[in-house]
Amino acid sequence: MTDKDSDMAETLPPPPPKIQLPVIEELNLYVNSKIAKIIATAVVVCFITYHGFLHAVDGGDSCQRLLSDGRFQGAHVWQPYGCMLHTYSNTDSRRCMRYVAFLKQDNHMLFVGDSRIRQLYFAMVKQIAVSPPKFPEKPHNDMQYNETNLHLNIKYLWQPYMDQEVDKLFDKLKRSKSLPKLIVMGSATHAIKASNGSATALEEYKRNLTSLSTAMHKIGKRTRLLWMLQDPVAHEKLNPDRAAITNDQLDLYNMAAMEVLYDTNVRLWSSSRLVAQGSISDSSDGLHAGVLAVKYDTQILMNLYCNDHLNFDDGTCCNSREAVTMTQIATFAALCSCPIILIAVAVKQWLCVSHHVGALNTPTPSSNGSSSSQPLMAEAKAAKKKQQPSSQDFLMALGKLGLIMGYFFLCDRTSLFMKENKYFSQLNFWLPLGYVFALGLFFTEDTSQTRLLHRDMTDEWKGWMQLVILIYHMTGASQKLPIYMHIRVLVSAYVFLTGYGHFSYYWNGRDMGIVRYCQVMFRLNFLVVILCLVMNRPYQFYYFVPLISFWYTVMHLTLVLPPRITRPAHANSEASPFNYLYSIIKFVGLGGFITVLYLSEVFFEKIFVMRPWKALFVTTDDDIHEWWFRWQLDRYSLLYGMVFALLYFALTQYSLIDDKSGSNLLGGRLALAVSFVATIFIVSYSSMTFICSTKPDCNEIHPFVAWVPITGYIILRNMIGILRTRYSSFFAWFGRISLELFVCQYHIWLAADTHGVLVLIPSYPVANVLVTSFIFICICHEIHHITNIITPFFVPNDSLRAMRNLSVFAFLLMAIAVHDGVF
């Protein structure tokens, strides 16, 4: 280069600096990720809705599911396809008949057919009657059972052949103004036996059934008319004179009936055949159904007849969905605006970023000839580091919440998705439990915290307890008393941790003001309040959250009342020895008050049924006993946690234990002795659960001994330094969303208000559990994130603004309560 060129180069302004695109890309990625989340969520919701719509169209009638298909869970539990079967007792059956009679309708049932239909008639009479009559052994004649007070008339007509007699019967029924509410028909075995299985008899059977089909079709429009397909036979048990009745012959007759009646209003009852096939070894003579098959056939008929009248929580077969209330409509009207706001905010962000990118790509000369992109980049980085969620994040969270609540409603308040009964077996319970703990032990990490019951450890504790409770609920293990009592300890441990954690927070001189209280209560109750409105359930339905909220309120009031045990200006309670005395006095007073409430159930009811808080403690039928049961089970657990925390602070203050390093809490043989005692604590409680004979007896003892296994676990988990400084990140992750897991399981993992299991993939229970669990956990994590975003907006750190918001919230709840007739 020449000297002239060099001089020209020095006089030219320096080239503009190259735009650093990472900041721009990060902004784009941020907005695009938000839009992608919206699109992904919408796609998932649309897919699930479409999937449910297909089930609603294809076999969506739960009565048809009940009558058409199903399977045996294990060896003896029948599960209809996609709906829940309530097990009717004699009391339930008579209650149903009484309700129908109250509606001024007749409980008239008609059974027409051969000896198999007669067997079903006998079973129905025994199911309903208080004192069933004696039946003849082989009556080839008509029979009838009546109860005037129930308007009950169950009639059996002996018609082993589909001939002219049946034609006359249907001609009479067709002209009748009042038809039986249920007609059950079926026959084939006598025709096969009489004709020795000839093809001519099959053709005549088909021809006669075809001539009857027109009348049956008209009758089927006015009432429930069932054609019961023929059960298989155990050929090796048949008498020689019945040798012609083979399963091949029965299949031919079933196919003929299905072909003739397929396009009519007659319901083909094929699930009875599957029930009999699964329990064929139970048949005594090879022809008639065994006890188990007759039992489930009777239960199927009772569910068909009664479920829509009695509305049992665990009986969704033939049960119409719950009517939508005005409160639900108003709630959804508010939530429906959230996705619109969500999309509008996303589009606005996208436009803003596009404009911002254009500005960055147009360099602005500065005084020294450089671009002004550096200040913009610094501003973008500062915005990225900003911790406080913006109003856009708030609107985005509300939008996602609206979509999630829509999914909740679809799962548990519509018939779009199938629901099945829970099924308990030892393998079903212990196998997933083993998998969960294997994963938990695999994902273990070191922690820098060494204090007793530090945050990582309590998150871990909450996590594995919550997973055990989920498995317990999914498998219906409450029927096993030892398992039930161990789960009771886990619930008590949550209350214990509430007392321990919040007492420790206050003891160390932290904030005890109204803002702190409102923030905790908001985090506990936000999801539950929304679900109460969306799912039309009382607050007490989600019993765990009312329980924790109540005991936290009790503890807060106890500690706030003078004399206080904390000092302001960062001075902790250990600065004043009198705080130990004050704490003991408060504990004794609280324990005495709890005991008085427990000893006087009348006093208890007077307190909790007072307005305006009555609605928080009663169930749908205005009953306080559910709250009484939950309250008295864990009445001392909060106090145990507070006492344990006080003892812990006293021991550390006087250097009786050392948890400031990774060493053992106690030295030498003393650590072994205390660990041995802790093991005895846990073993003793477990032994007690096997000794107790009934749930009431065990529940009576539980409040006094719940501290034993809890204390034993804490000692074993914290005594050894190497155990205290390691934790399971797998369990801790679940522990951080344990509240959402406990509440959300009611509607999107379980079903029918926890009485059943949600089914997205029918007939494949393992695959269904995996898919529903994945969706369930993702939603719980998202709701936890949403709660963290919106909490500062609903409960700001300013006391006046927090009280203003609390007043508005209380006013809205009062308006809803007045509308629902609570006051």
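Predicted model: local features only at pLDDT ≥ 70, side-chain atom pairs only at ≥ 80, totals over all residues.
## Helix 6

Helix 6 itself covers residues 164–175, and its 12 residues reach 17 Å from the first C-alpha to the last, which is close to the 16 Å expected at 1.5 Å a residue.

Which residues of helix 6 are buried? They are Val166, Leu169, Phe170 and Leu173, and because they fall within an arc of 95° when seen down the helix axis, they line one face of helix 6. An α-helix has 3.6 residues a turn, so residues three or four places apart point the same way. The buried residues of helix 6 pack against strand 3, strand 5, strand 6, helix 8 and strand 7, whereas the face turned away from them carries the exposed residues Gln164, Lys168, Lys172 and Arg175.

## Helix 28

Helix 28, formed by residues 729–736, is mostly covered, with 6 of its 8 residues buried; these are Ser729, Phe730, Phe731, Ala732, Phe734 and Gly735. Among the elements against which these buried residues pack are helix 15, helix 16, helix 29 and helix 30, together with strand 10 and strand 11.

## Strands around strand 13

Strand 13 (residues 756–759) pairs with strand 9 (residues 418–421) in the antiparallel sense over 4 bridges, and Asn421 stands opposite Gly756. Strand 13 is also joined by 2 bridges to strand 12 (residues 750–751), again in an antiparallel arrangement, with Leu750 opposite Val757. The hairpin of strand 12 and strand 13 has 4 residues between the strands, and in this hairpin Ala752 takes a positive phi near 50°.

Key
Residues numbered from 1 in each chain as written. Heavy atoms only, no water. Expected span 1.5 Å × (residues − 1). Buried < 20%, exposed > 50% of the residue type's maximum accessible area, 1.4 Å probe, protein only. Arc of directions from axis to C-beta. Contact = heavy atoms within 4.5 Å. Pairing = 2+ DSSP bridges.
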